[in-house]
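Student: I am new to this structure and would like to go through it with you, one question at a time.

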Amino acid sequence: MEIKFFQAECGDASCISFLGNDNKYHNVFIDSGYQRTFRHVLENEIRNIVGKNETIDLWIISHIHDDHIGGVIKYIDTIKTGEQNDIVNQYFYNPPRIYDFKKSTKSISEFVSIGQGDVFYEYLKSNNKLLDYDITNSIKPINLYGLKLTILSPSSNKLNSLRSKYPLNSNKSLEKEEDEKISEAVAPKQNDYKTLINDFDLDKWEEDNSVENGSSISVLIEYNNKKTLWLADAHPSDIVTSLTKMGFNNKNKLVCDWVKVTHHGSKGNNSDDLFNLIECNNYLFSVNGENKHNLPYKECVARILRNKQRDKNSKYNFHFTYDNQTLRSIFNLENENVFKQHNFEVFYSDESSVTVNI
């Protein structure tokens, strides 16, 4: 199995290629970054798949924020213009509204508030690619040619909260990116890179309350006894609930090979309760460090490293999808001994993706 975590600025875009139990290669995409991410990396990846006479078996779009849905919207644009054919067999996507047209004579495109989330819904609906059920943590694990997918979030309640926020007949625009007011509740006004890893007060924590992030599809993927955890921008309490129901606890941890850290290493989406349940050496931060929300937070790194349930003999590797001064400045003020003390190493990428073979 090969995984590519693409450069998507402060966004998510990844793909998995694996040899299925039918002895054929299969492809799964998870999120798609911004619209410009399509031309930057996704277009070439899709061309390579076409060139091998393969398809994208599944494309998961976790939620409606621009940095997750934008690339697939651009992909749809190229299909509409005839530049591309849709090679995706199935999409996992939860529409942000309840589209009950019996109560309205308008089509979705006539509403003032139409956004990328509505465009994607309309495309899937008109091309018979819209599922007749929601992707939530209540559905059974999916087996895709030997690749097992277990949905960890959202809960039905979190998805209902999203749809309550955006009734069809309202003129309320779908949130394209996180509301500043929401972010300010759990974020510092500036980055926290001047604070040393050992100086963070980790006893204080407040969970993200973004309705959109709470609707994120997060998934545990298993292949040949290897596990990867894809957390989108999900609320950690929902992931903890799902993992606990699966029988994991701080004495029986989920052992996985890679974790795609939730919400680009934010403060409010990464909790002690979550990391208490995970045993993993490789953490991927899909972020460039150059964004108005000051992501990633160093506090998130500190929370992973200083977790009280951590095996200190287990070396941790932090992988960033970019290499720049901002990301490197996270550790500039640290004494070199901190890497030995907390047994970790940091890796930066100047390639278009962080590529992993499992």
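This is a predicted model: local features need pLDDT of at least 70, side-chain atom pairs count only at pLDDT 80 or more; totals for chains, interfaces and linings use all residues.

Tutor: Residues are numbered from 1 along each chain as its sequence is written, and side-chain values use heavy atoms, with hydrogens and water left out.

Student: In what order do the eight strands of the open sheet stand?

Tutor: Strands here are DSSP runs (E, at least two residues) and helices are runs of H or I with at least four residues, numbered from the N terminus, and two strands pair if DSSP finds at least two bridges between them. The pairing in this open sheet is mixed, and its eight strands follow the order 6-7-8-9-11-13-14-15.

Student: Why is one side of strand 6 and of strand 15 left without a neighbour in the sheet?

Tutor: Strand 6 covers residues 142–144 and strand 15 covers 344–347. Each of them has a single partner strand, so one side is left without a neighbour, because both stand at the edges.

Student: Which residue stands opposite Asn143 in strand 7?

Tutor: Strand 6 and strand 7 run antiparallel and are joined by three bridges, and they form a hairpin with two residues between them, where Tyr145 in the turn has a positive phi of about 50°. Across this pairing, the residue opposite Asn143 is Lys148.

Student: How many residues of strand 7 are buried?

Tutor: Buried means under 20% relative accessible area, exposed over 50%, and partly exposed in between, with a 1.4 Å probe and protein chains only. Strand 7 also pairs with strand 8 in the antiparallel sense over five bridges, with Leu149 opposite Ile221. Strand 7 is largely enclosed by the rest of the structure, because the buried residues number six of the seven.

Student: Which backbone nitrogen does the side chain of Ser32 reach at 2.9 Å?

Tutor: Ser32 is found in strand 3, residues 25–32, and is buried, with a relative accessible area of 0%. A polar contact is a pair of N or O atoms within 3.5 Å; within protein, one must be able to donate a hydrogen and the other to accept it, and residues adjacent in sequence count only if both atoms are side-chain atoms. The side chain of Ser32 reaches the backbone nitrogen of Gly71 at 3.1 Å, and at 2.9 Å that of Val72.
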